[in-house]
Amino acid sequence: ISGDTTWAEPLGESIGEVARPLNHQDMDALRVEVERIAGPHALQGLSSTRLATGSVSDLVHVNRVQGLAFGAGAVVGFGASRAQLRPSIGYGTSDGRITGGVALAVGQGATSLTFDASRRIRDLSDLPVIAPVTNSLMSQESGNDHGDYVLLNAAGIGVRHRLSGRTSLSLGVSVEESQSVGVSASPANGQYRPNPPLGTGTRGVAKLDLERASGGIAARRDLQGRLSLEAGEGATDYLRATAEGRWVVSLGASELLSRAYLGVGTDGLPPHRSFVMGGRGTLLGEPFRAYGGRTAALAHVEWRFEVPFPAAPLGSFASTGRRMTVAPFLSAGYSDRPLPGLPWARTAGVRPVAGVALEWFMRLIRVEAGIGLRDGGFGVTVDVNQDWWGLL
């Protein structure tokens with residue numbers, strides 16, 4: 001090759017117009033277009049009939065209401081269509097209850113229709129405060145169960161329409177029966193706290209959700225959230241509205257993470273739809289779930305940056321990594337209009353908390369320490385990073 005071989009401009013600029021990288025908007029548009037073209041036909045390559053579960057804890061978990069509980073689920077497809085039957089079953093060895101359900105989902109383009117009936121033991125809070133696997137270990141070994149449970153029997157119909165790759169609009173109508181449940185298990189050490197009375201009978205419920213899903217695990221720039229409106233009719237009628245969001249933005253080599261949650265309900269709000277906060281996962285340094293009611297607000301801001309840290313070898317080909325994430329944070333919570341008969345009270349103003357978090361082992365393990373700025377209470381937690389809770 002003869003002549004001048006130097007390049008007059010950066011390669012990235014030269015090919016930028018013909019080889020631009022994919023971004024979230026490109027992928028969103030691609031997902032919606034593929035669903036539109038596919039119509040009622042299946043889009044996945046997995047077997048149409050298979051065992052299936054949402055998380056490890058769907059298979060086995062421990063809490064003070066059920067004790068050691070087992071579960072299983074499956075997906076039954078119908079040929080090449082986007083119709084699926086999803087049965088599931090569970091059994092608590094301490095309470096002897098059989099739980100589970102069945103759902104029929106039918107998809108057409110970006111819209112899916114679901115018919116379902118279920119019997120579930122669930123925590124009352126919208127906000128997860130601990131990895132399910134961690135909660136099982138702490139429940140069994142030390143008697144520290146971080147849930148407050150209600151038995152829900154429900155049957156309903158729902159429709160979900162994908163507005164883009166990450167944004168969807170959902171509407172559901174159901175009949176729900178809530179029943180109080182008591183402690184039926186014993187831990188290896190310590191003693192379980194009582195489970196509060198949360199059941200209030202049968203209601204008709206309608207829910208409307210607008211959701212923008214997460215951009216993925218460890219995304220450095222992301223905005224996700226949900227707006228929800230719920231109405232119930234029964235022994236007491238109620239309205240309930242919530243707004244929650246999570247925003248991550250890069251600041252040079254560091255990140256700023258913000259989370260916010262707002263909730264309000266009318267006077268007829270049933271106990272299992274009330275709001276609760278305090279301690280682990282919400283206001284570290286305050287007593288666990290000491291505050292709650294029909295009105296709640298919670299905010300959290302942390303500045304995340306990495307520092308060098310000695311790596312620990314894990315066999316011949318892996319290590320814990322040479323970096324640790326440090327994240328000073330501020331949190332604040334407010335609750336009002338508590339419900340009679342429940343153990344959580346109003347906050348009597350804003351409850352601020354300051355602390356620091358450390359994330360190690362490629363951000364898998366998170367250690368938090370926080371202090372309540374009003375009363376001086378102190379708390380420390382060790383858990384898996386929240387990005388992984390949905391799988392555990």
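Tutor: A cavity is a set of grid points where a 1.4 Å probe fits but cannot get out. The structure discussed here is a predicted model.

Student: How many cavities of 30 Å³ or more does a search of the whole structure find?

Tutor: Rolling a probe the size of a water molecule over the atoms shows where empty space is left. When the whole structure is searched with a threshold of 30 Å³ or more, the number of cavities found is one.

Student: How many residues in the lining of the largest cavity are nonpolar?

Tutor: By class, two lining residues are polar and two are charged. The number of nonpolar residues in the lining is six.

Student: How many residues has the largest nonpolar core?

Tutor: The residues with the most contacts inside this core are Tyr 261, Phe 275, Met 277, Leu 283 and Leu 298. Strands β13, β15, β16 and β17 each supply at least two residues of the core. Apart from it lies another core, of eight residues, with Trp 344 among them. The largest core itself has 16 residues.

Student: In which sense do β12 and β15 pair?

Tutor: Strand β12 covers residues 254-265, and strand β15 covers residues 295-308. Ala 260 stands opposite Ala 299 in β15. Ten bridges join the two strands, and the sense of their pairing is antiparallel.

Student: Over how many bridges do β15 and β16 pair?

Tutor: Strand β16 runs over residues 323-336 and pairs with β15 in the antiparallel sense. Within β16, Phe 329 is the residue opposite Glu 302. The number of bridges between β15 and β16 is twelve.

Student: Is Gly 199 buried or exposed, or does it count as partly exposed?

Tutor: Gly 199 is found in the loop between β8 and β9, where it touches Val 150, Ser 178, Gln 179 and Ser 180. Its relative accessibility is 28%. Buried means under 20% and exposed means over 50%, so Gly 199 counts as partly exposed.

Student: How far apart in space are Val 106 and Val 159, C-alpha to C-alpha?

Tutor: Val 106 lies in strand β5, and the residues that it touches include Arg 82, Thr 111 and Leu 113. Along the sequence, Val 106 and Val 159 are 53 residues apart. In space, their C-alpha atoms are apart by 9.6 Å.

Student: What percentage of the residues of the chain count as buried?

Tutor: The chain has three helices and 19 strands. A residue counts as buried if its relative accessible area is under 20%. Of the 392 residues of the chain, the share that counts as buried is 38%.

How values were computed: Residues are numbered from 1 along each chain as its sequence is written. This is a predicted model: local features need pLDDT of at least 70, side-chain atom pairs count only at pLDDT 80 or more; totals for chains, interfaces and linings use all residues. Side-chain values use heavy atoms; hydrogens and water are left out. Two strands pair if DSSP finds at least two bridges between them. Helices (H or I, at least four residues) and strands (E, at least two) are DSSP runs, numbered from the N terminus. On a 1 Å grid over the protein atoms alone, a cavity is a set of points where a 1.4 Å probe fits but cannot get out, and a pocket is an open set with protein on both sides within 12 Å along at least five of seven lines; lining residues have an atom within 4 Å of a point. Grid points are joined across faces, edges and corners, and a volume is the space filled by probe spheres set on the points. Ala, Val, Leu, Ile, Met, Phe, Trp, Tyr, Cys and Pro count as nonpolar, Asp, Glu, Lys and Arg as charged, and the others, Gly among them, as polar. A nonpolar core is a set of buried Ala, Val, Leu, Ile, Met, Phe, Trp, Tyr and Cys residues joined through side-chain atoms within 4.5 Å. Buried means under 20% relative accessible area, exposed over 50%, partly exposed in between (1.4 Å probe, protein chains only). Contact means heavy atoms within 4.5 Å. Lists of a residue's contacts leave out its neighbours within four places in sequence.
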